[in-house]
Each structure stands twice: as C-alpha cells, then as structure tokens.
Amino acid sequence: MTAEFDFPSEEWMKEYKERVNASESYAETGAGWGVDFNGDFLYVIEADGRLPETRYFFIGLEDGEATEAMEVDDPDEVDAGFVLRGAYTDWIDLNNGDIGAVDGMMSGVFELEGDMQKVMQYTEAAVDLTDISSTIPTNYKH
C-alpha cells in the first residue's frame, strides 16, 4: 500500500521536493530558472471553508532542481522571489490537475507576486511542477 501524504503538510512538501528532483522533464524545463535571480517560491494556502488557518510553504527552485522544501510559520522567515497565493480548495484543484498553474494565475484563481514575465518564459516548467504535484498520493484531510 502506498503511503498518502496529508495536504498541506511539511511531509507532503518533502515528497514534492523529492519528486521534482527525480523528474528528468523538470530538470530540462526548469534549467536556468533561479539563475541570477531569486526563483524560490512561497506557496500561501489560504484558509477557506475547509482549511481552518492559512499555511505557508517554501520551496527553493534553482536551475531545474528543488533545493529545499519546508513549512514556515511566518512568510517573513524566508526570502522568496515569488509568492503564489490561493484558497485551499483551489490548491486541491491545482494538485488534481483540474486547473493549470498558468491558467490559474491568468484567470485570477491564484495570485502571483513576482516577475510574471519570468514565469511566462518558464510555462513548461510550471506545467511540470503541477504535473508532479498530481502524482503524489494525497489525503485532503480538511
């Protein structure tokens, strides 16, 4: 039986990091990302009718590799070049592949803080990151 990872949790993020680093596709599409600029992300999973409190997760991304992944109590604890913010239920849709990362940002379902032009240059990498998240056996306990 495959273990399921609670979302959101630090364990889920650690599994995500491992899968990102195991992805040959992301190694290619993410090549150059975060080189000479801060490509790290803070994922803000906002409280909604299902999730009782907003949670913050940091993932370091540089040159096709995830350098670290962790939950943070305070978003000011980390220096992220990009912030992706959305409601918990929208993150579920993203993880399940029901909404794409770029579509989610363009439609306003997700709010992106950071250089949108850089993100648009790496749309294939964003798609790969979303595809990777959908491979994680996940328990949405909220």
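I began with Glu46 and found that this residue is partly exposed, with a relative accessible area of 27%, and I noted beside it that the model is a predicted one.

Next I looked for the partner of Glu46, and I found that its side chain meets that of Arg85 in a salt bridge at 3.7 Å, N to O. This pair links distant parts of the chain, since Arg85 lies in strand β5 (residues 82-87) and Glu46 in strand β2, 39 residues apart. I also looked up the cover of Arg85, which is partly exposed with a relative accessible area of 23%.

I turned back to strand β2 (residues 41-46), which runs antiparallel to β3 and is joined to it by five bridges; Phe41, for example, has Ile59 as its bridge partner in β3. How many of the eight residues of β3 are buried? I found seven, and I therefore noted the strand as mostly covered, taking buried to mean under 20% relative accessible area.

Last, I checked Glu62, which lies in strand β3 (residues 55-62) and is partly exposed, with a relative accessible area of 41%. I found Glu62 in a negative surface patch together with Asp36, Asp63 and Glu65.

Notes:
Residues are numbered from 1 along each chain as its sequence is written. This is a predicted model: local features need pLDDT of at least 70, side-chain atom pairs count only at pLDDT 80 or more; totals for chains, interfaces and linings use all residues. Side-chain values use heavy atoms; hydrogens and water are left out. Patches are made of residues with over 30% relative accessible area and no salt bridge: like charges are joined within 9 Å, nonpolar side chains (Val, Leu, Ile, Met, Phe, Trp, Tyr) within 5 Å. Accessible areas come from the Shrake-Rupley method with a 1.4 Å probe; for residues, only the protein chains shown count as cover. A salt bridge is a side-chain nitrogen of Lys or Arg within 4 Å of a carboxyl oxygen of Asp or Glu. Lys and Arg count as positive and Asp and Glu as negative; His and the chain ends are not counted. The place of a charge is taken as NZ of Lys, CZ of Arg, CG of Asp or CD of Glu. Helices (H or I, at least four residues) and strands (E, at least two) are DSSP runs, numbered from the N terminus. Buried means under 20% relative accessible area, exposed over 50%, partly exposed in between (1.4 Å probe, protein chains only). Two strands pair if DSSP finds at least two bridges between them.
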